[in-house]
Structures are given as structure tokens and as C-alpha cells.
Amino acid sequence: MSTKTLIKTCLFTNGRVLTGTTFSVRAAISQPLRLSGYQQRCCVATKAEVNEIIKKYKEGDFNKLPNPDKLLHFRKTDQTDTSETEKPHEVPMGTHALPHPIWSEEELHNVQITHKPPEGFVDKSAYYCVQTMRKAFDIVSGFSTGERNEFKWLKRIIFLETVAGVPGMVAAMTRHLHSLRRMQRDYGWIHTLLEEAENERMHLMTALQLKQPSRLFKWSVIGAQGTFVGLFSISYLISPKFCHRFVGYLEEEAVKTYTKCLQDIENCSMQHWKTQPSPQVAIDYWKLSEDATMKDVILAIRADEAHHRLVNHTLASMKPTDYNPYEPGK
Ligand SMILES: [Fe+2]
Ligand SMILES: [Fe+2]
């Protein structure tokens, strides 16, 4: 390899670093470089460009910087010695999902609307909190008035799932930090809570395949998340029982909501979801058949919500030091 090429490569791979240091330019010229085969073959600048840059540096003019496209360390892809140009492999969404239940046909169709009557002050507080929130949200979002069409359904599902993914993550983090801080075991709750958070997020990812929210919608999600994360975190530190009961009642409402959605699919304005193909992410995540429809997706989501309902009512009825009865993915 010629000395000329060595200098060229050094300057254009380290042009910004050398800015303002004529010493470094000299050092670069005088010191031998170890370059890869690719660098040795790649002529990254012309002789005139190199000479001009050196001249400018020596004159103290550092305004003319090399074109970043010619800098090896700014290249976006790792160009190796092989002549083949491999396209980056697109990994399907949900490939690295945590274990989660895969529902049978019977389980999907046997979900019932249930209600656990509140007992005592904590349960009643959680219940009326959820009822107030639900009624307020129905009015503000316009869901309770006019015809429920696809636009309304997707808006509701997307917004609610951005909120539904919060409690599991906050509860898992709180218990995780508690375990670290007090140097005590967790009793196996964390994984179940993380699975719930991810499951809710996958509901969101699925709905987003059908609708991209507006900028205003995204701002409202940011506002809601900021408020809800703060409030739920403080509540969990004060009373985990209240929080799990609250989520239990929230999930009761989620089951009602998705049951109503299925009724709309069966009889009303959403009948096209009976035949509309499911997004691939849902097929992969819930292991649905390749010809699954949006109705199958809603059935799977509703079964998930019924599971969250059971898990959270169970956790709310346990002491924080009781062992979690739910195994990973169950
Ligand atoms: Fe959900
Ligand atoms: Fe849920």
C-alpha cells in the first residue's frame, strides 16, 4: 500500500478529530497505519481534496470539513470485505415476546362478563374509581353517542391499550426495586406483571396496524401516560392491594368493551371485521391460523383481558409476601 493512500485514509476517517491540530496531521502522515482490506482498497478522497484539506488545516482554517459521506466511520452499514451486499434482516414484531397464554377455540368463546363485588373500603374505592374513569372517558371520547364505527373503535382501543400497559410495568418495577432495596425475594410476581404489560402492548401494536394516530392523539397519550404513571406509582407504593383491585375492575370493563365490539362485529357496523384479514403480527403472537380475521383477533384480546381480570383480582386478594400461583405464560 502506498504512503499516499495511507495519508488519505487517515485524514478522511479522522477528519473531524484532527480539526485544529496540525500536530495530528503530521503524526498521521509520519505514523504507519493498520488498515483493513476494505480500507486499503477504498480510495475515499482525491489527491486534490487531501492536499486542500492539509493546506487549510495548516493555515488554521478548519471550516472545510470532509464530506461525511466519505468518512468510513459515518457509513451506515458495515461494509466488509465480502462482495455480497446483504440486506438487513427484518425481524417480525413479537418474535422476542415473553411467554403468554395461547387460547383454544373453547376458551376464546367461553369468556363471560363477570363482576367481583367489592368488599371493604379499598375494594369500593378501586371500583368507584374505575367506574368514574370509564364514564368520563366514554363522554369525552364521544363513544357513548352516535354510531360506533371502525374509526371510533380503533381510537378507543388504541388509547385504552396505551394506558392498560402501564400498571403491569409499574407494579413489576416497584416490586423489583423493593426486592433490590430490601434484599428480599419477590415471591414470583414480577414475571406475571411484566407479561401482562407486554401483552397489553401487543394489543396496541396490533391495533396500530389498522390505524395511525394523529399528532393530537399522540399528545393526548403522552399527557395521559405522564399523569397515570405518576399516580399509579404512588398508589402502588401506598397500597398494592388497591392497585391490583383497580386493575381487576379495569379488566372487567375491558371484557365488557371487547364483548360489545364482538356484538358490533356480529350484528352491527363492524361486520366487515368478520372477513377482514388479521394483521400478521397478531397471527404470529397468538398463533392464529393464516386465514384468521379481525374477529379472531378481538376474541384473543378479550380472552387476554379476562385473564388479566382473574390475575389481578387474585393478586389483590393475596398478601404481597404470598407466592404467585401463576407460572410463566399461564
Ligand atoms: Fe388490552
Ligand atoms: Fe388487560
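Analyst: A crossing of two helices is called left-handed if the near helix is turned anticlockwise from the far one by less than a right angle, and right-handed if clockwise. The model is a predicted one, in which local features need pLDDT of at least 70 and side-chain atom pairs count only at pLDDT 80 or more, while totals for chains, interfaces and linings use all residues. Residues are numbered from 1 along each chain as its sequence is written, and chains are lettered from A and ligands numbered from 1 in the order in which they are written.

User: How many helices and strands are there in the protein chain?

Analyst: The protein chain has 13 helices and zero strands. Both are DSSP runs numbered from the N terminus, with helices being H or I of at least four residues and strands being E of at least two.

User: And what share of the residues count as buried?

Analyst: Of 330 residues, 28% count as buried. Buried means 20 or more other C-beta atoms within 10 Å of the residue's own, exposed means 12 or fewer, and partly exposed lies in between, with C-beta atoms placed from the backbone.

User: Which residues have the most contacts inside the largest nonpolar core?

Analyst: They are Ile 298 and Ala 300, in a core of 47 residues. Such a core is a set of buried Ala, Val, Leu, Ile, Met, Phe, Trp, Tyr and Cys residues joined through C-beta atoms within 7 Å. Helix 13 gives the most to this core, namely eleven residues. In soluble globular proteins, nonpolar side chains tend to be buried together.

User: What is Ile 298 in contact with?

Analyst: Leaving aside neighbours within four places in sequence, Ile 298 contacts Tyr 258, Cys 261, Leu 262 and Ile 265. Contact here means that the C-beta atoms of two residues, placed from the backbone, lie within 7 Å.

User: Now helix 9 and helix 13: at what angle do they pack?

Analyst: The angle is about 155°, and the axes are 11 Å apart. Helix 9 is therefore roughly antiparallel to helix 13, and passes helix 13 in a left-handed crossing. Axes are lines fitted to C-alpha atoms, for helices over the stretch in contact, and angles run from 0 to 180 degrees between N-to-C directions. Those under 35 degrees count as roughly parallel, over 145 as roughly antiparallel, 65 to 115 as roughly perpendicular and the rest as oblique.

User: Which residues of helix 9 make the contact?

Analyst: On helix 9 they are Thr 192, Glu 196, Asn 199, His 203 and Thr 206, facing Val 297, Ile 301, Asp 304, His 308 and Val 311 of helix 13. By class, this contact has three nonpolar, five polar and two charged residues.

User: How do helix 7 and helix 11 cross?

Analyst: Their axes come within 8 Å and cross at roughly 40°, so helix 7 is oblique to helix 11. Helix 7 passes helix 11 in a right-handed crossing.

User: Different topic. What is phi of Met 183 near?

Analyst: Phi of Met 183 is near 55°, a positive value in a residue other than glycine. Met 183 lies in the loop between helix 8 (150-182) and helix 9 (190-207).

User: Why does Met 183 count as exposed?

Analyst: Met 183 counts as exposed because it has 6 C-beta neighbours inside 10 Å. Lys 287 also has phi near 55°, and counts as exposed with 11 C-beta neighbours inside 10 Å.

Note on methods
Ala, Val, Leu, Ile, Met, Phe, Trp, Tyr, Cys and Pro count as nonpolar, Asp, Glu, Lys and Arg as charged, and the others, Gly among them, as polar.
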